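Student: I have a model open and would like to learn how to read it. Please take me through it, one feature at a time.
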Amino acid sequence: MAEFDEDMLEAARKAFAGPISFLKSAPTLEFLPDPDVPEIAFAGRSNVGKSSLLNALTGRNALARTSNTPGRTQELNFFDVGAPLAFRLVDMPGYGFAKAPKDMVKKWRFLINDFLRGRQVLKRVLVLVDSRHGLKDVDHEIMEMLDKAAVSYRLVLTKADKIKPTELLHVTNATAAEARKRPAAHPDIMATSSEVGFGIAELRAAVIEAIS
C-alpha cells in the first residue's frame with residue numbers, strides 16, 4: 001500500500017468531510033458538465049463493489065446507488081466535492097456486463113472511450129479489481145484503453161476483507177507486476193474494503209494527491 005503521512009491523510013479527510021452531492025448523469029458526451037475542475041473517475045467491472053467503495057470514500061451511505069444487478073450504472077455519473085467546488089468524482093459504467101444486449105455494450109464502450117480521450121480535466125482513473133479474483137480479461141481491456149488514451153490510472157483492489165492476508169499479498173504482488181508493464185499505470189497498488197473501512201483513508205489521500 002502506498003505511504004501517506006499523517007498530514008496528507010488529514011488533509012484528505014477534511015476534503016471529503018465537506019459537502020458532496022450528485023450533480024448529473026451523462027448518457028452521451030453532450031451532457032457532460034463544463035470541464036472547470038479536476039476529475040477522478042472510477043472504473044471497474046460489474047459487481048466489483050464500485051458503488052459501495054464510492055459511498056465509503058465519501059462517508060455517505062447512499063451517494064452512489066448500490067444494486068444486486070450488475071451493470072446498473074449505464075451512464076457517467078458526476079459528483080461535486082467541496083464548497084466552493086474543489087473537484088468531481090465520476091462513476092463510470094461497469095464493464096463486463098454479461099446480461100446486457102450487445103448494442104448497449106457497444107454504446108457504453110464508445111461513451112467510455114470518447115470520455116477518456118477527450119476529457120482534459122480527468123486527472124486519474126481508479127480501476128477497481130476484485131481482490132478475490134484478480135485481474136480478468138475485461139480489466140486488461142480497460143487498461144489497454146487507458147494506455148492508448150494516455151490517461152493516468154491506478155489499480156485498486158476491492159473486498160480485501162474477503163480473503164486471507166497471504167492471498168491478498170499474492171494478488172497485490174501479481175497486480176503490481178502487471179501494472180509495471182503498463183505505460184499509464186501508477187506503480188503502487190492499493191487494497192481496500194468498503195465494508196470494514198480498510199484502506200479508505202489512504203484512497204482519499206491518493207485522490208487528493210492525483211488532483212494536486
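Student: Let's start with A150: buried or exposed?
Tutor: A150 is exposed, with a relative accessible area of 64%. The cut-offs are under 20% for buried, over 50% for exposed and partly exposed in between (1.4 Å probe, protein chains only). Keep in mind that this is a predicted model, where local features need pLDDT of at least 70, side-chain atom pairs count only at pLDDT 80 or more, and totals for chains, interfaces and linings use all residues. Residues are numbered from 1 along each chain as its sequence is written, and side-chain values use heavy atoms, without hydrogens and water.

Student: What is the phi of A150?
Tutor: Most residues other than glycine have a negative phi. A150 has a positive one, about 55°, although it is not a glycine. You'll find A150 in the loop between α4 (137-149) and β6 (153-158).

Student: And what about K159, where does it sit?
Tutor: In the loop between β6 and α5 (165-179). K159 counts as partly exposed, at 21% relative accessibility.

Student: Which kind of peptide bond joins A83 to P84, cis or trans?
Tutor: Most peptide bonds are trans. The one from A83 to P84 is cis, with omega near 5°. P84 belongs to the loop between β3 (76-81) and β4 (87-91).

Student: Zooming out, how many helices and strands are there in the protein chain?
Tutor: Six helices and seven strands. These are DSSP runs numbered from the N terminus: helices are H or I with at least four residues, strands are E with at least two. From the N terminus on, the order is α-β-β-α-β-β-α-β-α-β-α-β-α.

Student: What does the radius of gyration say about the protein chain?
Tutor: You set it against a rule for globules: 2.2 Å times the number of residues to the power 0.38, with the radius taken over C-alpha atoms. For 212 residues a compact globule would come out near 17 Å, and the protein chain has 16 Å, so the two agree. The C-alpha trace spans about 45 × 40 × 35 Å along its principal axes.

Student: How many of the 212 residues are buried, as a percentage?
Tutor: Buried residues make up 51% of them.

Student: And how do I read the contacts in the protein chain?
Tutor: A contact means heavy atoms within 4.5 Å. Among contacts between residues at least 6 apart in sequence, 75% join residues at least 24 apart.
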